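Have a look at the model on the screen, and I'll talk you through a few of its features.

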Amino acid sequence: MFDEGQLYSPVTTGSDGTVEVHLADNHPGRFDEDYRARRGAIAAAAISAPAGTVPVIDYTDREHEVWAIASEQLSPKHEKYAHSEFLAAKHRLRLPHDRVPQLAEVSAGLAPLTGWSYRAAPGLVPLREFYADLGARVFNSTQYLRHASEPLYTPEPDIIHEVIGHANQLASPRFARLTEAAGLASLRVESEEAMKFIADVFWFSMEFGVIREHGEVKAYGAGILSSFGEMDEFTHMEHRPLDLAQMGTLAYDITQYQPVLFCAQSLDELEDVVGGFFDTVDDDLTDRLRAEAAGA
Ligand SMILES: [Fe+2]
């Protein structure tokens with residue numbers, strides 16, 4: 001089951017006000033004191049920003065370079081592997097390739113396209129809060145970059161995932177509406193099991209979803225389209241038809257390439273099945289779907 005807390009490095013504030021980000025043992029920046037200090041400073045900026053404001057980060061040349069390398073490497077793969085709806089949205093949003101954009105710029109680009117805005121988060125945002133904000137077309141985003149030693153890899157969602165993956169997706173009115181619907185769905189359910197079920201369906205759609213297009217399997221999920229390695233692998237994985245009972249219950253390992261993906265036959269089918277689920281789900285429906293999965 002999807003546990004978002006596994007993805008993010010924990011952030012703590014000491015009694016002296018020092019903000020610290022606790023990187024996992026396998027994190028490429030684990031022993032880099034400068035990187036760890038930088039992560040603390042960027043998290044602190046989000047924590048101390050006055051309500052309603054987004055901190056401006058003065059990115060270093062090295063950070064801009066990491067963005068530029070990732071952006072340059074991901075772009076040709078998008079042309080080859082991304083669904084046309086994502087590509088069209090990406091071309092309309094026109095994010096910079098050579099430097100890290102500020103979140104305020106991302107919001108300014110999305111505003112006329114779909115009305116979404118970006119808010120800075122130091123790390124993990126509690127699941128309920130994250131989804132409630134999606135329902136208001138607000139995306140909570142981290143601002144840090146992955147470690148410069150591995151510009152094409154990150155064990156946690158950094159600004160390259162949040163912006164190159166999600167903002168390009170949210171520049172599409174159709175994907176924007178699906179994401180908003182997931183957020184509104186969270187407000188309708190009471191049990192934590194139902195909330196998890198919605199988050200898991202989201203994982204297998206907006207994060208790792210694929211669609212058949214002109215006889216090929218194309219990606220629209222932000223988790224695939226922000227990952228160099230995942231784009232090399234997803235066409236070879238097992239592609240199952242959309243199945244809400246499975247999508248909400250299938251166990252998966254977030255640290256591996258996703259071996260099972262759910263493939264819509266078209267964007268219309270995705271909107272009917274997954275969009276229809278987000279639009280109508282309540283606690284009873286997730287109970288029924290879980291029972292269906294257990295009996296299958
Ligand atoms: Fe994501």
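So, the lining of the largest pocket: its residues divide into 19 nonpolar, 16 polar and 6 charged. For those classes, Ala, Val, Leu, Ile, Met, Phe, Trp, Tyr, Cys and Pro count as nonpolar, Asp, Glu, Lys and Arg as charged, and the others, Gly among them, as polar. This is a predicted model, where local features need pLDDT of at least 70 and side-chain atom pairs count only at pLDDT 80 or more, while totals for chains, interfaces and linings use all residues. Residues are numbered from 1 along each chain as its sequence is written, and side-chain values use heavy atoms, with hydrogens and water left out.

How much space lies in that largest pocket? About 870 Å³. Of its 41 lining residues, the closest to the centre are Leu7, Thr154, Pro155, Glu156 and Ile254. A pocket here, on a 1 Å grid over the protein atoms alone, is an open set of points where a 1.4 Å probe fits, with protein on both sides within 12 Å along at least five of seven lines; lining residues have an atom within 4 Å of a point. Grid points are joined across faces, edges and corners, and the volume is the space filled by probe spheres set on the points.

Now the second largest pocket, at about 230 Å³. It is lined by 15 residues, and Tyr35, Arg38, Thr60, Arg62 and Glu63 lie nearest its centre. By class, that's 6 nonpolar, 2 polar and 7 charged. Helix H1 (33-48) gives the largest share, 5 residues.

What order do its strands take? It's an open sheet of 4 strands, S6-S5-S8-S7, with mixed pairing. Strands S6 (216-219) and S7 (238-241) stand at the edges with a single partner strand each, so one side of each has no neighbour in the sheet. Two strands pair if DSSP finds at least two bridges between them.

Let's zoom in on one pair. S5, residues 210-213, and S6 are antiparallel over 4 bridges. Isoleucine 211 stands opposite lysine 218 in S6, and glutamate 213 has glutamate 216 as its bridge partner there. The hairpin of S5 and S6 has 2 residues between the strands, and histidine 214 takes a positive phi near 50° in it.
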